[in-house]
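Please look through the sequence and the structure below before reading on. The paragraphs after them are meant to be read with both in view.

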Amino acid sequence: MTDRLSALVSGTRFGKFASVGAVGAVFDLSLSSLLIVFFGVANELAKLAGAELAIIIMFVINDRWTFAGAGSDLLTAKVRRFVKSNLVRSGGLLVQVLVVRALGEVPLSIPVAGIDLWELIPLPLAIGASMLLNYVAESLFTWRIAARSSQRDSR
């Protein structure tokens, strides 16, 4: 296994990333569901709002915990990582929106207490569908973990 690959498959880092993702999912699903159920916002737009809130929260936690020490503490460096994080997660967000849209086309209804649960079920499925893509993209491009490991080992 190459150093780049072993840096990516770190079980500890992936576990932290998944834990942070679970925190982000709570914020994402809460805001998305609130917007859909109580404000009648279209599912895809609600998904975008929930995902952006989650991206902000997850960036802060990942920067301080999951990838601690992987980048400079200077404000300009943090802002650059935040912008990169938003850009690389746009691929994961696209996957999420496509999953929400595709499942929204399925003619199914699960009414419970006046709420159609089928409008909400695609949201966590979409998050799961994008998690691995986000982990790889964040590791490689935002915090450049695999590149740093290779550079350190080649010295």
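What follows is a walk through the chain, its helices and its aromatic rings.

This is a predicted model, in which local features need pLDDT of at least 70 and side-chain atom pairs count only at pLDDT 80 or more, while totals for chains, interfaces and linings use all residues. Residues are numbered from 1 along each chain as its sequence is written, and side-chain values use heavy atoms, with hydrogens and water left out.

The protein chain contains 6 helices and 2 strands, where helices (H or I, at least four residues) and strands (E, at least two) are DSSP runs numbered from the N terminus. Read from the N terminus on, its elements follow the order α-α-α-α-β-β-α-α. Of the 155 residues in the protein chain, 37% are buried; buried means under 20% relative accessible area, exposed means over 50%, and partly exposed lies in between, with a 1.4 Å probe and protein chains only.

The UniProt record, an unreviewed entry, places the feature "transmembrane region" at residues 20-42, 48-65 and 123-146; such annotations may be inferred rather than shown by experiment, and the positions are given in the numbering used here, with feature names shortened. In the model, residues 20-42 are 87% helix and 0% strand, with the end C-alpha atoms 27 Å apart. Residues 48-65 are 100% helix and 0% strand, and there the end C-alpha atoms are 25 Å apart.

How do the helices pack? Helix α2 (residues 11-39) and helix α3 (residues 43-66) pack at an angle of about 150°, and their axes are 7 Å apart. That angle makes α2 roughly antiparallel to α3, since angles over 145 degrees count as roughly antiparallel, under 35 as roughly parallel, 65 to 115 as roughly perpendicular, and the rest as oblique. Axes here are lines fitted to C-alpha atoms, for helices over the stretch in contact, and angles run from 0 to 180 degrees between N-to-C directions. The residues of the contact of α2 with α3 divide into 16 nonpolar, 8 polar and 4 charged; Ala, Val, Leu, Ile, Met, Phe, Trp, Tyr, Cys and Pro count as nonpolar, Asp, Glu, Lys and Arg as charged, and the others, Gly among them, as polar.

Helix α2 also meets α5: their axes come within 10 Å and cross at roughly 140°, and the two helices are therefore oblique to each other.

Rings of Phe, Tyr and Trp (its six-membered ring) pair if their centres lie within 6.5 Å, and planes under 30 degrees apart count as stacked, over 60 as edge-to-face and the rest as tilted. By this rule the count comes to 6 aromatic pairs. One of them joins Phe14 and Tyr135, which are edge-to-face at 4.9 Å centre to centre with 85° between the planes. Phe14 lies in helix α2 and Tyr135 in helix α5 (residues 122-142), so this pair ties together parts that are 121 residues apart in sequence. Phe14 is partly exposed, with a relative accessible area of 28%, whereas Tyr135 counts as buried at 3% relative accessibility. The rings of Phe17 and Tyr135 have centres 5.1 Å apart and planes at 65°, so this pair is edge-to-face, and it links Phe17 in helix α2 with Tyr135 in helix α5, 118 residues apart. Phe17 is buried, its relative accessible area being 4%. Phe14, Phe17 and Tyr135 belong to one aromatic cluster, together with Phe59, Phe67, Phe82 and Trp143.
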